[in-house]
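Here is a briefing on a predicted model. Read it beside the sequence and the coordinates.

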Amino acid sequence: MSEKQSRRRRGLAVAGGVTGGVAFGAALAWGIPRYLARRTRASSIDPYAHEPFELPPQRSVFTVESRAGVPIHVETAGPEDADLTVVFVHGYMQDMATFYFQRKAIAELNRSDVSLRAVLYDQPGHGRSGPLPRTEYGIEDLAEVLHDVLAAVAPRGPLVLVGHSMGGMTIQVYARLYEADFRERAKGVAFLSSSAAGLDTVETKPMRALRRLRRTVLPMLQQVAGWTPDLIDRSRLLAGDLGWLLTRKAAFGHIDPPASLVTLVEQMNRRTSMQSIVGYARAILDHDETATLPLFKGLPALVVVGDEDLLTPPEHSRRLAEALGGSRFVLIAEAAHSPQLEYPGEISQLLLEMIDKVVAEIGRGSAVSAAPEATPFERDPGRHRRWSPFSRHHGHRLEP
C-alpha cells in the first residue's frame, strides 16, 4: 500500500470517527431527554390524567376583533343573562387554559339564588388569539382588549375580575383607563401571582433572564426590518421532551407535579411565539400602577401567591394586598407562579368564597363605589365545600 493510500484511509477513518461521534452525541442529546421524560411521566401520580384540558366546559365560543384589528379568542361558560359574570385574564406565556379548574368550578356550581357566567379569552399573541401588529406591546394594549371583550360578550351587569400575573396588571390598567366603567360594574377582584410595580428589581434567575431578553433580542427585532423569530419558534416546537423536563423543574413548586399539568404548562409556553415573549418584556418590567390601587378600595379582593414564586415573589402580593385595604391575602405553600393549577381546589374554593361575599353585597343593594372600606373576609371552617378539591396532598396548604 502506498503512503498516499495509507494517508487517505487514515483520513477516512478519522472522518468516520468524527461523524460517528457527532451522530452518537446527537442521539444522546435527543434520546436522554426523551427517556427521562417518559420515565418521569410514567412514575408520576397524576389525578388529572383524564381531565379534558383541550375540551373544557363551555357554552359559546367567539372571535372578538379588537380596535387594533387583532382577532381575540373568547369562550364562555354559563347563561348569557347570568346575575354575575366572572372574567378571567391570564398571564404571560400562558392562555385561558390556566384557569381550567376555576372555569370548571363555576360551570359546576349549582346555586338557587344567583346564576354565574365565566368569560375567558386569550391575550394577544397567546393561545388562539392573533398578535399585536408591532414588535413591542404595553399593558395599556391589553387593557383595551379587555374593554373590547367586555363590550362584545358581557356589555352589562356586575363583574368579578380575576387576573393571573400579567392578567392582574391588565386589570389594574383597565381600572385606570376606564374608571367610570370599572366603578360601575366591578364588584370584586382577585389577583393571583401578580404585582403592582417593581418587577424590574427582582433578582431571581427568571427575571434576570427577562431583563437580558429585553436588552438583547428586543433591539434586534426593532432594528432589523422584516426579521421574524420563526426559526427560533420552530426550534422551540422541536424541543419536546427537553422543554417538558425544564418546565417540570422550573414552573412548579412541588417536587413531583402531575405529568398532565406539566404538559399543559409546557404547551402553553411553547405556543407563545418568541415575538410575544420579547414584545411584552418591557411592559412587564416597567409596570407601575401603584397610584391606581386606591380605585380598588371597598371591593372584596383576594390576593394569592405561591411561596416559591420566582417571577412575582410573595412580597409583591403582600404589598398589593396591603395597598388594597380589606383584601384577603393567602400564601400557598409549595406553589410556584401558577397556584391555580398546582392547587386548583384551594384556589377555586377561595374564589368561590370571595364570590359569596360579592353576591351578598349585591343582594344588599350596596353600591361598591360608595361602600365603606371592606373588611377581610374569612373562610368559615364549618362551611360545606361546594366544589371538591383537586389537591393531591392532605393537610394545611394555606397560610392566611
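The lining of the largest pocket has 23 nonpolar, eight polar and six charged residues. The pocket holds about 1,200 Å³ of space. Its lining counts 37 residues.

**Largest pocket**

- Closest to the centre of the largest pocket are Met 93, Pro 206, Ala 250, Asn 269 and Leu 311.
- Six elements are named below; each gives two or more residues to the lining of the largest pocket.
- They are H4, helix H6 (205-223), helix H7 (230-239), helix H8 (241-250), helix H9 (259-271) and helix H10 (274-279).
- H8 gives the largest share of this lining, with six residues.

**Second largest cavity**

- Three cavities of 30 Å³ or more turn up in a search of the whole structure.
- The second largest cavity contains about 40 Å³ of space.
- Its lining is made of Phe 88, Phe 99, Gln 102, Val 162, Ala 190, Leu 192, Leu 302, Ile 347 and Leu 351.
- Strand S6 (186-192) and helix H14 (344-363) are the elements that give two or more residues to the lining of the second largest cavity.
- Eight residues of this lining are nonpolar, one is polar and none is charged.

- Strand S5 (159-164) is mostly covered, with six of its six residues buried.
- In a regular strand, side chains alternate between the two faces of the sheet.
- From S5, Leu 159, Leu 161 and Gly 163 point one way. Val 160, Val 162 and His 164 point the other way. All of these residues are buried.
- Strand S3 (residues 84-89) runs parallel to S5, and five bridges join the two.
- Phe 88 stands opposite Val 162 of S5.
- Leu 159 has Ala 186 in S6 as its bridge partner.

**Strand S2 and its partners**

- Strand S2 (residues 71-77) has six of its seven residues buried, so the rest of the structure largely encloses it.
- Strand S1 (residues 60-65) and S2 run antiparallel, with six bridges between them.
- Val 61 has Glu 75 in S2 as its bridge partner.
- S1 and S2 form a hairpin with five residues between the strands. In this hairpin, Gly 69 takes a positive phi near 80°.
- S2 also pairs with strand S4 (residues 116-121), in the antiparallel sense and over four bridges.
- Here Thr 76 stands opposite Val 119 in S4.

**Ser 60**

- Ser 60 lies in strand S1.
- How accessible is Ser 60? Its relative accessible area is 17%, under the 20% cut-off, so Ser 60 counts as buried.
- Beyond its neighbours within four places in sequence, Ser 60 is in contact with Val 74, Glu 75, Thr 76 and Glu 80.

**Helix H12**

- Which residues of helix H12 (residues 314-324) are buried? They are Pro 314, His 316, Ser 317, Leu 320, Ala 321 and Leu 324.
- Seen down the axis of H12, these buried residues fall within an arc of 155°, so they line one face of the helix.
- An α-helix has 3.6 residues a turn, so residues three or four places apart point the same way.
- The cover over the buried residues of H12 includes helix H4 (166-177), S6, strand S7 (301-306) and strand S8 (328-332).
- Gly 325 follows H12, and its phi is positive, near 75°.

**Arg 156**

- Arg 156 sits in the loop between helix H3 (139-153) and strand S5.
- Is Arg 156 buried or exposed? Its relative accessible area is 68%, over the 50% cut-off, so Arg 156 counts as exposed.
- Arg 156 and Thr 85 are 71 residues apart along the chain. Their C-alpha atoms are separated by 9.3 Å.

Technical notes
Residues numbered from 1 in each chain as written. Predicted model: local features only at pLDDT ≥ 70, side-chain atom pairs only at ≥ 80, totals over all residues. Heavy atoms only, no water. 1 Å grid on protein atoms, 1.4 Å probe; cavity = no way out; pocket = protein on both sides within 12 Å on 5 of 7 lines; lining within 4 Å. Points joined across faces, edges and corners; volume = space filled by probe spheres on them. Nonpolar A, V, L, I, M, F, W, Y, C, P; charged D, E, K, R; others polar. Buried < 20%, exposed > 50% of the residue type's maximum accessible area, 1.4 Å probe, protein only. Pairing = 2+ DSSP bridges. Contact = heavy atoms within 4.5 Å. Arc of directions from axis to C-beta.
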